[in-house]
Amino acid sequence: MQKDIKKEFIEICKSEKEEVCGFFVSSNENIKIIKCENQSNKRINEFIISPKEYIEVSKSNKILGIFHSHIDCSSDFSNQDIKTSEELNFTFFVYSCLDDNINIYKPKEVEKNKELKRLIKYLKN
């Protein structure tokens, strides 16, 4: 996979003492990471991506999923993570700084596409 997307993902997640967030996207068959500003007032354990940022990213990229970090807890998904993933129909990726682990949640209705399958396979290895 171009660059080392897994290494880049982990480095972005470790770069701050608060939750970071963003998108895994596909553009011209290349998978890349777009970090977003966390709009939450409780960034230690919550993330919010602004609708404006989502619209800007989606104009020129195919969004494969949403990522965020967990600073001081495991990579298990919260009930809110699962609910939001299902409501938005986006795969969620989380990296836990505490246990150095990546976890992936795919909503029941998520569209199957080759870029997403390739990204998930790569991040699980």
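Let me begin with a definition: a residue counts as buried when its relative accessible area is under 20%, as exposed when it is over 50%, and as partly exposed in between, using a 1.4 Å probe and protein chains only. What we have here is a predicted model, in which local features need pLDDT of at least 70 and side-chain atom pairs count only at pLDDT 80 or more, while totals for chains, interfaces and linings use all residues. Residues are numbered from 1 along each chain as its sequence is written, and side-chain values use heavy atoms, with hydrogens and water left out.

Now to the aromatic rings, where Phe, Tyr and Trp (its six-membered ring) pair if their centres lie within 6.5 Å, with planes under 30 degrees apart called stacked, over 60 edge-to-face, and the rest tilted. The whole structure holds nine such pairs. In one of them, F9 and F67 have ring centres 5.4 Å apart and planes at 80°, so they meet edge-to-face. Because F9 sits in helix α1 (residues 5-14) and F67 in strand β3 (residues 62-70), this pair ties together parts 58 residues apart in sequence; helices (H or I, at least four residues) and strands (E, at least two) are DSSP runs, numbered from the N terminus. F9 is buried at 0% relative accessibility, and F67 is buried at 0% as well.

A second example is F23 with Y54, whose centres are 6.2 Å apart and whose planes lie at 50°, so this pair is tilted. F23 belongs to strand β1 (residues 21-27) and Y54 to helix α2 (residues 51-60), 31 residues apart. Here F23 is buried at 1%, whereas Y54 is partly exposed at 35%.
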